[in-house]
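I opened this notebook to keep track of what I looked up, one entry per topic.

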Amino acid sequence: MPWERVEKPYRFEGPDGALALADLFDGRSQLIVYHFMLGPDWEEGCKSCSFWADNFDGIPIHLNHRDVTFTAVSRAPLAKIDAYRKHMGWTFPWVSSYGSDFNFDYHVSFTPEQIAAGEAYYNYQIRPNRVSEQVGISVFYKDEQGELFHTYSCYARGVDMLNGAYHYLDLAPKGRDEDGLEFSMQWLRRHDQY
């Protein structure tokens, strides 16, 4: 996809306070953002995103040594994110975009009007949508002059590439064994709810 210059001054909140998008790079030139579905009014994170997040701890240190920073971003306030992260036992970087247009502009969060209309732009097309949050990955680059570029995004089943458990299941004789379910991930639970 063509690189798009990022000029909007997005704001985030992390453990040490307010951050700009450039700050999320943490001194590196590449940034991978996992859009974790946890809305401001949600009590816990999406169970599918939680399944993906079980694969995140331990990865950031390796990415850092290849000039890549990884972080999750959610619209929930930081206190809610921190409580859920602690409950789940995760340590990966995760910031709040609460009050920012970031998740809306990268097409993973939707306004009440879009939800009421029953459709929104997601996964590169207008499609049915009745939820406030969807999953996605956005990738950014910061050049030597400090200019920021959006270089890649993927959504929906396109994020499967980041789920190690699915790769293992794909090797097993029965694969993901999701045939006959009402929807593909109906079997899934958060790791503390099996």
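Predicted model: local features only at pLDDT ≥ 70, side-chain atom pairs only at ≥ 80, totals over all residues.

**Entry on the cores.** I looked up the largest nonpolar core and found that it has 32 residues, of which Tyr 34, Phe 36, Trp 52, Trp 90, Phe 92 and Trp 94 touch the most other members. I then listed the elements that give two or more residues to this core, and they are α2 (47-53), β5 (68-74), α4 (78-88), β7 (119-122), β9 (136-142) and β10 (148-155). The most comes from α2, which gives four residues. Another core lies apart from this one, and I counted in it 14 residues, including Leu 21, Leu 24, Phe 25 and Leu 148.

**Entry on Trp 94.** Which residues does Trp 94 contact, leaving aside its neighbours within four places in sequence? I found Phe 36 and Leu 38, then Thr 71, Ala 72, Val 73 and Ser 74, and finally Leu 78, Ile 81, Tyr 84 and Arg 85.

**Entry on α4.** I looked up the buried residues of α4, which are Leu 78, Ile 81, Tyr 84, Arg 85 and Met 88. Seen down the helix axis, these buried residues of α4 fall within an arc of 130 degrees, so they line one face of the helix. They pack against β2 (11-14), α2, β5 and β6 (94-96), whereas the face turned away from the buried side carries the exposed residues Ala 79, Lys 86 and His 87. Just after α4, I noted that Gly 89 takes a positive phi of about 80 degrees.

**Entry on β4.** I followed strand β4 (residues 30-35) to its partners, and found that six bridges join it to β5, with the two strands running parallel. In that pairing, Tyr 34 has Ala 72 of β5 as its bridge partner. With β9, strand β4 pairs in the antiparallel sense, again over six bridges, and there the bridge partner of His 35 is Gly 136.

Note on methods. Residues numbered from 1 in each chain as written. Heavy atoms only, no water. Core = buried A, V, L, I, M, F, W, Y, C linked by side-chain atoms within 4.5 Å. Buried < 20%, exposed > 50% of the residue type's maximum accessible area, 1.4 Å probe, protein only. Contact = heavy atoms within 4.5 Å. Pairing = 2+ DSSP bridges. Arc of directions from axis to C-beta.
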